Amino acid sequence: MPFPHIQCLRLQVSLEVLRKKIALLYITDLHHVSDQEIMIFEQMYQESRQESSRFESQYELVWIPVVDKGTPWTEGKQNKFVKLQSMMTWYSLYDPSMLEPATIRYIKEVWFFNNAKPIIVVLDPQGKVVNLNAIHMMWIWGSLAYPFSSSREEALWKQESWGLELLADTIHPSLYDWIAEGKYICLYGGDNMEWIRKFTRTARLLAETLKLPLEMIYVGRSNPGEKIRKINTAIEEERLSNTLPDPALTLIWFFWVRLESMWHSKLQQGNKVEDDEIMHEIMRILSFDSSEEGWVVMSRGTESMMAKGKGDTFLNCLNDYDQWKDKAEDKGLLPAMDDYIQGLQTPHHCNRLILPGTNGRIPDKVVCVECGRPMEKFFMYRCCTD
């Protein structure tokens with residue numbers, strides 16, 4: 001499909017630069033693309049170029065901004081385009097206003113681009129489409145997803161199992177060292193500062209009593225804003241736990257986008273919550289984030305076993321250690337903890353799950369991770385500007 005000229009670092013070039021290479025067409029509008037998204041893509045792109053002999057470096061990224069042809073190309077749009085383009089070291093369209101209406105129609109009708117969410121369409125060296133949307137692969141595996149085809153996506157999932165390494169990946173520089181050392185690791189989130197203080201201090205006190213090597217990492221909430229920034233700062237100042245130290249909150253944003261991408265990637269592969277352990281656990285954490293409470297996931301080393309629960313339930317479990325310590329000596333700390341948390345769950349519960357939509361691919365039926373019953377579907381419109 002023909003595109004106008006592209007440019008890299010403001011140098012106009014022809015499409016010959018893409019010949020015999022895998023081309024990743026990063027398709028967005030001018031409004032639904034964030035600075036965090038570009039920053040993460042930039043990091044991935046640069047890392048893939050550090051060793052030019054690697055297969056992973058044999059692709060090119062091209063930004064295709066799709067603009068509404070029914071409205072004039074204003075100075076404001078031009079400024080927005082230039083600002084976004086200045087953050088990219090990869091190729092982009094030279095002038096998005098020159099994109100033909102027929103091309104835009106093709107992108108929307110055949111490639112299912114709907115403006116609200118960016119997509120990445122992958123072309124192989126012969127120009128054949130091998131994946132209609134590889135953006136989720138990029139978030140989950142980065143350049144390791146090369147050559148970014150649907151078959152590669154399926155193969156990568158066959159190699160994965162649920163555990164802290166899949167869930168958290170490289171969000172903290174010391175994470176893999178802690179895993180290798182067999183430490184207990186807690187990921188926790190939410191935006192209730194009072195609960196955060198209670199949980200972190202109670203967890204640290206119990207760890208000291210039991211002589212457990214414990215590390216805690218705060219991962220905030222999805223769509224982090226000013227409130228999460230202030231909580232991050234307070235946690236650092238009060239030395240309550242580890243944080244993801246990043247003024248732009250990019251790493252917190254990436255943790256949640258990557259988790260949501262796992263959901264969408266599994267969905268694209270035809271998996272269902274009822275039949276897929278990874279999808280089931282992803283949904284549980286997304287439902288934690290959709291609630292008004294804090295939450296905790298606790299693991300140890302390379303073990304796949306995790307204890308997890310909503311804020312007050314997990315805190316009650318820690319406070320009630322004397323009631324389950326005998327089971328801990330018999331079964332192990334995490335299995336006994338998880339059993340006790342499950343026992344605290346009430347038969348009457350309400351789970352909410354906010355699924356970020358991508359091109360209309362939302363399942364008709366989603367079952368509750370607690371009881372397995374179908375969840376009711378509602379529509380929600382949200383503006384996150386906290």
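By class, the lining of the largest cavity in this predicted model comprises 14 nonpolar, no polar and no charged residues. Here Ala, Val, Leu, Ile, Met, Phe, Trp, Tyr, Cys and Pro count as nonpolar, Asp, Glu, Lys and Arg as charged, and the others, Gly among them, as polar. The search of the whole structure finds 1 cavity of 30 Å³ or more. Of the 14 lining residues, Ala203, Leu206, Leu212, Met298 and Leu318 are the closest to the centre of the largest cavity. Strand 8 (184-189), helix 8 (193-210), helix 12 (311-319) and helix 14 (333-344) each supply at least two residues of this lining, and helix 8 gives the most, with 5 residues.

The second largest pocket is lined by 32 residues, with Ile140, Trp141, Asp169, Thr170 and Arg258 nearest its centre. Two or more lining residues come from each of helix 1 (35-49), helix 4 (135-141), helix 6 (164-168) and helix 10 (250-268). Helix 1 gives the most, with 5 residues. This lining divides into 14 nonpolar, 11 polar and 7 charged residues.

| Space | Volume |
|---|---|
| Largest cavity | about 100 Å³ |
| Second largest pocket | about 620 Å³ |

On a 1 Å grid over the protein atoms alone, a cavity is a set of points where a 1.4 Å probe fits but cannot get out, whereas a pocket is an open set with protein on both sides within 12 Å along at least five of seven lines; lining residues have an atom within 4 Å of a point. Grid points are joined across faces, edges and corners, and a volume is the space filled by probe spheres set on the points. Helices (H or I, at least four residues) and strands (E, at least two) are DSSP runs, numbered from the N terminus.

Residues are numbered from 1 along each chain as its sequence is written, and side-chain values use heavy atoms, with hydrogens and water left out. Local features need pLDDT of at least 70 and side-chain atom pairs count only at pLDDT 80 or more, while totals for chains, interfaces and linings use all residues.
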